[in-house]
Amino acid sequence: MWLQPGPAIYSNSIGEEKLHKSKKNMGNQKRIEEEKKPRVLCLHGFRTSGEIIKKQVTTKWPESVINKLDLVYPDAPFPSEGKSEVEGIFDSPYYEWFQFDKDFTEYRNFEECLEYIQDIMLKQGPFDGLLGFSQGAILSAALPGLQSKGLALTKVPKIKFIIIIGGAVFRSPAVAENAYSASSPVQCPSLHFLGETDFLRPYGEKLLELCVDPVVIHHPRGHTIPRFDEKGLEMMFKFIDKIHGLANDTSSVHEQVIEEEEAVYM
């Protein structure tokens, strides 16, 4: 007697396939929910503080931006050695990352500053990227290059991106040549805010020439953390999408572990 295959076998297969897809979709959704926000170390401006840059960012940027990032706001290592430009606007205390001469070509406590930033990253990290304003932006732009050459942040993971607000190049040839050059530009993704009347604008434009594919948000104001217009907000969201992928890319972590292990045995 011939037995005709029952439809139950076929429909059960379809049921299993649907169940498999359902579980897969649930797994994908859970993965998305579990993906971490990019953790960002925020370096404040000269003679201000971590609390001040936090107020500047959180009062000017919408929650739709801030909630997509894990922002950390430390104070710089050295108390202000002079009058702060924000005195009377924001409360003290004020701090500075390092000191410099009137031409901004010679620095004091620069190496100590680099060690201090690394110590923060070791204790409060790991961090995915940097955000900086003014003196903090100048530092942030230089750190990926200095790190790639083994001159800074040698004990922490590779910086994956930078966000530069009112930034500039270092004017010291010794520092600038190690941080970035035409032959060795900043390789990681970078977002730059350029103010139309910012006194550092010429040096910020020079920095753009030393970065690979920089993203630039222009605004009509001066040396400040700006609010977003519609176009700027759209560009910010696109950049956040990009760095979110970098922050959750485990392959780069695996490659760095291999590089570190190879370095130990070389």
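Residues are numbered from 1 along each chain as its sequence is written, and side-chain values use heavy atoms, with hydrogens and water left out. Because the model is predicted, local features need pLDDT of at least 70 and side-chain atom pairs count only at pLDDT 80 or more, while totals for chains, interfaces and linings use all residues.

**Overall fold**

The protein chain holds nine helices and 10 strands; these are DSSP runs numbered from the N terminus, helices being H or I of at least four residues and strands E of at least two. Of its 266 residues, 44% count as buried (under 20% relative accessible area, with exposed over 50% and partly exposed in between; 1.4 Å probe, protein chains only). Among contacts (heavy atoms within 4.5 Å) between residues at least 6 apart in sequence, 75% join residues at least 24 apart.

**Nonpolar cores**

A nonpolar core is a set of buried Ala, Val, Leu, Ile, Met, Phe, Trp, Tyr and Cys residues joined through side-chain atoms within 4.5 Å. The largest one has 43 residues, and Ile 117, Leu 139, Phe 170 and Tyr 180 have the most contacts inside it. At least two residues of this core come from each of strand S1 (39-43), helix H4 (110-124), helix H5 (135-148), strand S8 (161-165) and helix H6 (173-179). H5 gives the most, with seven residues. A second, separate core of 24 residues includes Ile 66, Phe 161, Ile 165 and Met 236.

Phe 170 is buried, at 3% relative accessibility. Apart from neighbours within four places in sequence, its contacts include Phe 98, Phe 104, Tyr 107, Leu 139 and Tyr 180.

**Aromatic pairs**

A search of the whole structure finds 17 aromatic pairs. Rings of Phe, Tyr and Trp (its six-membered ring) pair if their centres lie within 6.5 Å; planes under 30 degrees apart count as stacked, over 60 as edge-to-face and the rest as tilted. Two pairs share Phe 104.

| Pair | Centre to centre | Angle between planes | Class |
|---|---|---|---|
| Phe 100 and Phe 104 | 4.6 Å | 65° | edge-to-face |
| Phe 104 and Phe 170 | 6.2 Å | 15° | stacked |

Phe 104 is buried, with a relative accessible area of 10%, whereas Phe 100 is partly exposed at 33%. Phe 104 lies in the loop between strand S5 (99-100) and strand S6 (107-108) and Phe 170 in the loop between S8 and H6, so their pair ties together parts that are 66 residues apart in sequence. Phe 100, Phe 104 and Phe 170 belong to one aromatic cluster, together with Phe 46, Phe 98, Tyr 107 and Phe 110.

**Loop residue Asn 109**

Asn 109 is in the loop between S6 and H4 and counts as partly exposed at 22% relative accessibility. Beyond neighbours within four places in sequence, Asn 109 is in contact with Phe 78, Trp 97, Phe 98 and Gln 99.

**Second largest pocket**

A pocket is found on a 1 Å grid over the protein atoms alone, as an open set of points where a 1.4 Å probe fits, with protein on both sides within 12 Å along at least five of seven lines; lining residues have an atom within 4 Å of a point. The second largest pocket has a volume of about 580 Å³, this being the space filled by probe spheres set on the points. Of its 28 lining residues, Phe 46, Ser 134, Phe 199, Leu 200 and His 223 are the closest to its centre. Helix H2 (50-60) and H5 each supply at least two residues of the lining.
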